[in-house]
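Here is a short note to read with the structure open beside you. Take the points in order and find each residue as you go.

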Amino acid sequence: MLSLTIFLNYYINMVQRYVRVKDDSGNVHYGKLNPNHSVDLYDGAPWSDESAISGVLEQKKYQLLSPSLPSKIIAVGKNYAEHATEMGGESPSEPIIFLKPTTTIISQGQTIRYPKISNRVDYEGELALVIGELCKDCDISQARIKIWGYTIANDVTARDLQLADGQWTRGKSFDTFCPLGPWIVRELNQEARIETYLNDDPIPKQSALISQMSFSPEFLVSYISQVMTLFPGDIILTGTPKGVGQMKPGDSVRVEIEGIGSLKNSVMV
């Protein structure tokens, strides 16, 4: 019988992974990552019907970027009941949404910068949705089709500033506060597990099933589309499970989602 590690490696290699990369000349491309780590380049975003393969970049000839450059990042608060409880409240009757600026985005391996004005910066591992088609006033069945794929995010939060302000913009919006990636997959088992690890501790700080969300991905897309138009490439962060906690300069944090992979970043001042 295959070990779990061998099976997961096999599964990840079989799943198509869509990336965004910078080549040695500084040009940015979308593409599909091959099992040998070469990238089939597209002449546009992969969710565009007009995109086609335009070349190949071999391994070590590119830098991995965040897999999407969205017009906006919409995040959802308290979407796991046990996280709502640990934050001192009840599950909301409808989604709590807020925005993070696109300047928060960093990619796999890049550094989360610890703000000098904060004394408490937390990790929040999350599933991120990637929108593939313009979406406005969509019902749930339409919204399901608008989700082009899935990736991993860390909704980094200056918790002390969030609590001091009474609203979330400043605490959620520092540059580097949205690690995203490393790639997008098209399909995801709703029973997939999301886990967050700090440093070399083999026991996850966060662990939950995607199905434990209070509001499903398609419900979130439909709900948000009643408020604002979603464009192809836009990102929705779907909320974090219980177990959020503090990061300190020198730490590393890794968010893993079954069927996608892992997103790892270090923390520095």
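Predicted model: local features only at pLDDT ≥ 70, side-chain atom pairs only at ≥ 80, totals over all residues.

1. Which strands make up the five-stranded open sheet, and in what order? The order is 9-20-19-15-16, and the pairing is mixed. Strand 9 (111-113) and strand 16 (206-209) stand at the edges. Each has a single partner strand, so one side of each is left without a neighbour in the sheet. From one strand to the next, the twist averages 20°.

2. Strand 9 and strand 20 (residues 261-268) run parallel, and three bridges join them. Thr111 stands opposite Ser266 in strand 20. Arg113 stands opposite Met268, also in strand 20.

3. Move to the other partner of strand 20. Strand 19 (residues 252-257) is joined to strand 20 by six bridges, and here the two run antiparallel. Ser252 has Ser266 of strand 20 as its bridge partner. Ser266 also stands opposite Thr111. Find Ser266 once, and you can trace both pairings from there.

4. Strand 19 and strand 20 form a hairpin with three residues between the strands. Which residue in this hairpin takes a positive phi? Gly259 does, with a value near 90°.

5. A second open sheet has three strands, in the order 13-10-18, with antiparallel pairing. Its edge strands are strand 13 (157-158) and strand 18 (245-247), and each pairs on one side only. Two bridges join strand 10 (residues 121-123) to strand 13. In strand 13, Ala158 is the bridge partner of Val121.

6. The largest nonpolar core has 39 residues. Which of them touch the most other members? They are Leu127, Val221, Ile236 and Ile260. Strand 1 (17-23), strand 3 (39-42), strand 6 (73-77), strand 11 (125-131), strand 12 (147-154), strand 14 (178-185), helix 6 (217-225) and strand 19 each supply at least two of its residues. Another core, of 18 residues, lies apart from it; among its members are Ile105, Val130, Ile184 and Ile235.

7. Is Leu127 buried or exposed? Leu127 is buried, with a relative accessible area of 1%. Leu127 lies in strand 11. Set aside its neighbours within four places in sequence, and its contacts include Tyr150, Leu188, Ile194, Ile210, Met213, Ile236, Ile257 and Ile260. Take Ile260 as an example. Leu127 and Ile260 are 133 residues apart in sequence, yet their C-alpha atoms are 9.7 Å apart in space.

8. Leaving aside neighbours within four places in sequence, Val221 is in contact with Leu129, Ile131, Cys135, Ala143, Ile147, Leu230 and Ile236. Ile236 is also in contact with Leu127.

9. Turn to the aromatic rings. There are eight aromatic pairs. In one of them, the rings of Tyr18 and Tyr42 have their centres 6.5 Å apart and their planes at 20°. Planes under 30 degrees apart count as stacked, so this pair is stacked. Tyr18 lies in strand 1 and Tyr42 in strand 3, so the pair ties together parts that are 24 residues apart in sequence. Both Tyr18 and Tyr42 are buried.

10. Tyr18 has a further ring partner, Trp148. Why does this pair count as edge-to-face? The ring centres of Tyr18 and Trp148 are 5.0 Å apart and the planes are at 75°, so the pair is edge-to-face. Tyr18 lies in strand 1 and Trp148 in strand 12, so the pair ties together parts that are 130 residues apart in sequence. Trp148 is buried, and so is Tyr18. Tyr18, Tyr30, Tyr42, Trp47 and Trp148 form one aromatic cluster.

11. Finish with charges over rings. The charged end of Arg186 sits over the ring of Trp148, 4.1 Å from its centre. Trp148 also belongs to the aromatic cluster with Tyr18. Elsewhere to check, Lys172 lies over the face of Trp168, at 5.7 Å from the ring centre.

Technical notes: Residues numbered from 1 in each chain as written. Heavy atoms only, no water. Pairing = 2+ DSSP bridges. Helix = DSSP H or I, 4+ residues; strand = E, 2+ residues; numbered from the N terminus. Axes fitted to C-alpha atoms, helices over the stretch in contact; angles between N-to-C directions. Core = buried A, V, L, I, M, F, W, Y, C linked by side-chain atoms within 4.5 Å. Buried < 20%, exposed > 50% of the residue type's maximum accessible area, 1.4 Å probe, protein only. Contact = heavy atoms within 4.5 Å. Phe/Tyr/Trp six-rings, centres within 6.5 Å; stacked < 30°, edge-to-face > 60°. Lys NZ or Arg CZ within 6 Å of the ring centre and 35° of its normal.
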